[in-house]
Amino acid sequence: MENKVRIQDDLYEAVNGDWLATAVIPDDRPSTGGFAILDQEVEAKMMDEFRAFAAGEKTTDIPEVGEAVKLYRKVLDVERRNREGIAPVMPLLHRIAAIDSVEKFNNKVGYLLENGASLPFSCYVDTDMKDTSRNALYIQGPGTILPDTPYYGTEPGNQLLELYKMMAAKALGFTDLSEEEQKQYLEDTIAFDALIAQKVKSQVEWADYVKNYNPMSTQEVAGYVRPLDIRGMMHGLWGEDIPEDIIVRDPKAVKEMNFYFNEDNLSKYVHWAYVKTLLSKTAYLSEELASTGTMYRRALIGVPNDPVIEKQAYQMASRCFSEPVGVYYGRTYFGEEAKKDIISIVKEIIEVYKSRMKKNTFLQEATKEKAIKKLSTIAIKMGYPDSVREIYSKMKVAEEDSYYDTMSKLSKIMLEDEIAKLNKPVDRSIWQMPGHMVNACYDPFRNDITFPAAILQKPFYSINQSVSENLGGIGAVIAHEISHAFDNNGSHFDENGNLFDWWCEEDFEAFRKLTQDMIEQWDGIEYLGDKVNGELVVSENIADNGGVAATLDIMNHTEGADFQAYFINWAKIWCMKAKPEYMLLLLKNDVHSPAKLRANIQVRNFPEWYQAFGVTEKDQMYIAPEKRIIIW
């Protein structure tokens, strides 16, 4: 480490400063660093694989990957895409533009849903949060153009809307609308979006899982959204066997949805749906339209260029066929030796967690017993699934179909699969992340943790790294995900993933106080000229705190543990260099704290940090003992 920053004053800069000074962010990405570099490396490997598959130089025994390669070729066929231009999407846009009454909307809603048109609501099938053995129908309001509701009425928000209008105006120029119609459609789109922004939740509100669970009878929901015929739509999807209840995720948005369809707003909705649908489909059209459709997003995250066409082709194919591509990656690049080693680390951390729960000072025995039971039943999904789900065998890519038609057919197959889930039991074997994704997660509704093969590499993990380095890397991330079982959201779910108050009341009050302490420790920290919202990021901060606590516990019982190596690798995994626009977007909307703060703030809560580097009250990486927080 050649830079002059003392580790006692800034762990993140001391460890990563030299790299940050020279690292170059790719033109087609908003950031680079620990997670992003691994993602780039995985992407490069898999692009080589797809290139070889497409050229006939290589084959695979996973037939669904073969279909992904066919889709890859569709994206690369820019000559056909450019020749077709906007024509493939125009029949759908004409059907939207012809809606001039609520009756016509109700008659077409099934067609609109099936073809991916923008609707004034979003509905989907997912696990019932109070009975995770069954699936339920969820409904919520539409999304906003701007990233979050607080943007509206601000100068940054107004600037972003102008960028969106530029993009939409350019895309509308390809349609058969007159110039006057284009202008009216765009004006109404912005006006309708402003109505939506008054009714839907903010990102902070969405971050509270429990408040997203609001069961209502189907009859009650139908009454709120009238004149929308929600029951008619459901009969079209499920016949006579429609659910008696719907889980409403944002009650205000749903209860006021009928406002969108009064005499003043129906045409605004139609024009909004036309513009939003057009922009959502541009990726499947000509090169120029595809590039037009990314203008707003690129400006939002500070990315000057789209990926090259070959990368776009791989990204689309690997997203649509994520599970089979992930299985291929896992089988090809992930070894059984590493899988066994990682699983042993997970099991060790779970046992440490149980021990820490037993020693916990603010929980009563009854709560401890239930917490330990929850830990004992956590399902571990490590590397990649053993097989590919049946849905992917149905996803065929016909040689004669255009790229647009191919994507439309694949989307319909996935929609049919989701619709069919409503009357089936929950499949707990489903992985939330594919094997080639550089990430990890805890699912509170299944009480499982998923670690794709792609993240199980340096600096997070290597069988060639020391135990201390691995604990500061993948160990802390594993413990982070386990900690989500007991964060401000996960704490409301039992060992089966059911929404259920299993705590002793006074124990939960003590936990709530610690949660508030964590909010206050982070709230208002200045960063890039703005401030951290402690409430938005509290769940991830509780998880980070628990991740460090559990792995330091293991370090304290490991012979020859190198605490300096632990903290240095902890700082390495959060290394990130990003475009300012992207950093500010994350600060405002992401439930994770900025990477630099994740590296620097959490460690200061633990005595091992001060001992490892001799940190004292004279150093910037010091906080007084009475302000330190350790929850789990």
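Author: A nonpolar core is a set of buried Ala, Val, Leu, Ile, Met, Phe, Trp, Tyr and Cys residues joined through side-chain atoms within 4.5 Å. Buried means under 20% relative accessible area, exposed over 50% and partly exposed in between, with a 1.4 Å probe and protein chains only. The model is predicted: local features need pLDDT of at least 70, side-chain atom pairs count only at pLDDT 80 or more, and totals for chains, interfaces and linings use all residues. Residues are numbered from 1 along each chain as its sequence is written, and side-chain values use heavy atoms, with hydrogens and water left out.

Reader: Which residues have the most contacts inside the largest nonpolar core?
Author: They are Phe 321, Phe 451 and Trp 632, in a core of 200 residues. Contact means heavy atoms within 4.5 Å. Leaving aside residues up to four places away in sequence, Phe 321 touches Glu 64, Glu 67, Ala 68, Leu 71, Tyr 392, Met 395, Val 397 and Leu 410.

Reader: Turning to Asp 544, is this residue buried or exposed?
Author: Asp 544 is buried, at a relative accessible area of 2%. The residue belongs to helix α24 (residues 538-556); helices (H or I, at least four residues) and strands (E, at least two) are DSSP runs, numbered from the N terminus.

Reader: And what does Asp 544 touch?
Author: Beyond residues up to four places away in sequence, Asp 544 touches His 480, Trp 570, Trp 574, Arg 598 and Gln 602.

Reader: What is the strand order in the open sheet of four strands?
Author: The order is β2-β3-β5-β4, with mixed pairing; two strands pair if DSSP finds at least two bridges between them.
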